[in-house]
Amino acid sequence: LPMAGWMARNLILTGSPTNRTLQFHIPSADTVRDGFVVVWQWLVPYQFPTWGNAGILLLTGLLILFVLWITHPWKIRQLRQKSLGFLRYDPRSPMVIYLAAYLVVLAGSLLLVDASTPIDQRLATPLLSLVIVLVASTLPPVWRAFAGKAVLRGLLLLGMTLFLLSSLSRSRWLAREIQFDAGGLAAAVWIESGLADTLDALPEGTLLFTDNPEAVYFISGRGAFGLPSMFDNVTMRDRLDYAPSLAELRRRLGVEDGAVVVFTPAEGAFEQSIVEDATQGLLLLYDGGEAQVFVTPGLQP
């Protein structure tokens, strides 16, 4: 109900409940790859070399084919009856339904609502928690089903042992690394760089534009306006207001001193042409590899 009230407020003020319109967006190859990487990191936490990953994929494929061969799931009538019985009586069925519903909502957002929906660990975490519970609750009946089948039980034990060892190795690596570098915006490359000092040295209230307002705020505590963009992050289509927004940026920097903070592509910087448009007539004050700071002549030491 609170969300519905807020959406009604948005609709009255702006004509749109969520600042989104339904449009079909074809997922990019990078998005599909990111989804595969997320699931792969669940199953294989340890970072194996390429030949190791290929071997794991081959063995997994062979194991799936073997299980299909011994269970004969192509008997459609029995499969349908077992599926209905599972949904009606098995206590795990609500988790399976939620899992499917979450995937449908995520796919709907990506395909119809927001083309920039990331397929990353943050959005996939609710799925991982469910998968852990489902797998843990399924292992005992699978073990009982393999009674008298020493080979299958041996493969199951081997797979679980390898997974646990891989997960333990990854956890130890993370625990060791995080002692020296927290990662993200709190990483040493940010905190120990000259960028923070450069931003702190700017006069209080300096007008700032950037392609990463969150990073500027985290590092310096200063608010910043976003740089104009040639394309819409939601629809991945060209923005018609790019030229007017760029003209407004130049007008404001023409009447008061200000700076443009540009981060590297690894931190979400826009295309070089946008950077060149936004920094035209400005002077390079700082270039630390992770970011560049351009200022109006009045702020140049």
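Two strands count as paired if DSSP finds at least two bridges between them, and strands themselves are DSSP runs of E with at least two residues, while helices are runs of H or I with at least four, all numbered from the N terminus. With that in hand, look at phenylalanine 209: its bridge partner in strand 2 is phenylalanine 225.

A quick word on what you're looking at. This is a predicted model, where local features need pLDDT of at least 70, side-chain atom pairs count only at pLDDT 80 or more, and totals for chains, interfaces and linings use all residues. Residues are numbered from 1 along each chain as its sequence is written, and side-chain values use heavy atoms, with hydrogens and water left out.

Now back to the strands. Strand 1 (residues 207-210) runs parallel to strand 2 (residues 225-226), joined by 2 bridges. It also runs parallel to strand 3 (residues 258-263), this time with 4 bridges.

Zoom out and you'll find an open sheet of 5 strands in the order 2-1-3-5-4, with mixed pairing. Strand 2 and strand 4 (283-287) sit at the edges with a single partner strand each, so one side of each has no neighbour in the sheet.

How do you get from strand 1 to strand 2? Together with helix 10 (residues 213-220), they make a right-handed β-α-β unit: with the strands pointing away from you, the path from the first strand over the helix to the second runs clockwise. Within helix 10, Ala215, Val216, Ile219 and Ser220 are buried. Seen down the helix 10 axis, the buried residues fall within an arc of 100 degrees (taken from the directions from the axis to the C-beta atoms), so they line one face of the helix. Glu214 and Tyr217, on the other side of helix 10, are exposed. Just after the helix, glycine 221 takes a positive phi of about 75 degrees.

Leucine 22 counts as exposed because its relative accessibility is 70%.

Note on methods
Buried means under 20% relative accessible area, exposed over 50%, partly exposed in between (1.4 Å probe, protein chains only).
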